[in-house]
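Here is a model to read through questions.

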Amino acid sequence: MSASTLPTLSVLASGLVTCLGFNGPASLAAMRAGVRHVRLTNLWDPFAGDYVAAGKVDLPQWSPGAGKLADLVAPAIGECFKAAMAATQTDARRIPLFLVLPRPDRPHLQARLDERLLGEIGFKLNLPVHAASRLFPADRAATVSALAAAQQWLVGNAEPYCVVAGVDSLIEPKLVDELLHRRRILSGGNSNGFSPGEAASAVLIGRDGHGFDSELQILGWGSGHEPATPESDVPLRGDGLIEAIGQALRVSGLSMQETHFRIADLNGEHDRFKEMTFAMLRYERQPRPLLNELWHPVEHVGEVGAAIGPLLLAVALHAGQRDYGVGSTALCTLSNDDGARACVVTRFRQPAGQPSTGSAR
């Protein structure tokens, strides 16, 4: 499907399960208020001699693997289903799911996770999962692959909606031990790391203007590859992120000057911030704006891996609906440990009769 059809896609509603709250409104309100709910857990760091701080969701029971991921993501998907039913009485059984997951080569990931997860989600929702549903086990940047699948579905079928979701947990004990040995986790002995977390996120995707008063239009997306990874000795130049941003801007028909703020999956690791700086230098804004804020929701919920992509879109939609963004157009960026990079350009469209947020305040 041609990229020229991208403006027909819009984010219409969202659902979240994070350490900040068990639904979208609670999580998004807490992030807007600047709440950080990353706290000490029972995970032990032998190098620092202290417990690890993590963004842990207070689930009623611990069921690692597919059961736990289903417990996280099913309520978020359910929020999107409810929004679709409230707006147009669409039967949730007619809505396919495109789900982003961690890469299968991640250490200590449960084997054959993809074989069980959709069935577990259907069980939690008490609904049969749509036959067109697909999994994208390629981590954060796979969000754009899920959006492409959503686009193909909506163009090729009469049904009005689909759901793009992501779920992940980086607080499994064996994985935390592995990341501590790789010096990836923030601790008393390592300032160049992240706080592990877990979350689920989901966004309802539909055709532009289909049944909702307000929407976050998806203007374009792009992909790239960065040769420098956390495990390599290749110098970091930001080429992959620069390529992804360039593609997204070309498809959207916008220049960097026409974007208002950025929402990124930056997690506290120094190289990720350096990479963003390199990319912004390449796309230096002329004339320089008064405002071009950088938001990074991981600050509030911890590193949530494959769940971060739809979460960024949920934040952009909420900022428009509650009018706390610095403008209507956002640049959302995603980075994988394997070097994959992605970017999505969005624009919030106001309900009729309400003041525009189209210029920086």
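Q: What makes β4 and β5 a strand pair?
A: This is a predicted model. A pair needs at least two bridges. β4 and strand β5 (residues 134-136) have three, and they pair in the parallel sense.

Q: Why is the β-α-β crossover from β4 to β5 called right-handed?
A: The chain crosses from β4 through helix α3 (residues 113-125) to β5. The test is to point the strands away from the viewer and follow the path over the helix; clockwise means right-handed. This crossover is right-handed.

Q: What makes β4 and β6 a pair?
A: Again, at least two bridges are needed. Four bridges join β4 to strand β6 (residues 161-169), and the two run parallel. Leu 97 stands opposite Val 163 in β6.

Q: How do you know that both faces of strand β4 (residues 97-100) are covered?
A: Look at which residues are buried, meaning under 20% relative accessible area. Leu 97 and Leu 99 are buried on one side, Phe 98 and Val 100 on the other. In a regular strand the side chains alternate between the two faces of the sheet.

Q: How do you know that the buried residues of α5 lie on the same side?
A: The buried residues of helix α5 (residues 173-181) are Leu 175, Val 176, Leu 179 and Leu 180. They cover an arc of only 140 degrees around the axis, so they sit on the same side of α5. An α-helix has 3.6 residues a turn, so residues three or four places apart point the same way. The buried residues of α5 pack against β2 (39-45), β3 (50-54) and β6.

Q: Which exposed residues does the face of α5 turned away from its buried side carry?
A: That face carries Lys 174 and His 181. Exposed means over 50% relative accessible area.

Q: How do you know that the length of helix α7 agrees with its residue count?
A: Helix α7 (residues 270-282) has 13 residues. At 1.5 Å a residue, α7 should span 18 Å. Its end C-alpha atoms are 19 Å apart, which agrees.

Q: Which residues of α7 are buried, and what do they pack against?
A: Arg 272, Glu 275, Met 276, Ala 279 and Met 280 are buried. Their arc is only 135 degrees around the axis, which puts them on the same side of α7. They pack against α6 (239-252), β9 (261-264), β10 (294-295), β11 (329-335) and β12 (340-349).

Technical notes:
Residues numbered from 1 in each chain as written. Predicted model: local features only at pLDDT ≥ 70, side-chain atom pairs only at ≥ 80, totals over all residues. Heavy atoms only, no water. Expected span 1.5 Å × (residues − 1). Buried < 20%, exposed > 50% of the residue type's maximum accessible area, 1.4 Å probe, protein only. Arc of directions from axis to C-beta. Contact = heavy atoms within 4.5 Å.
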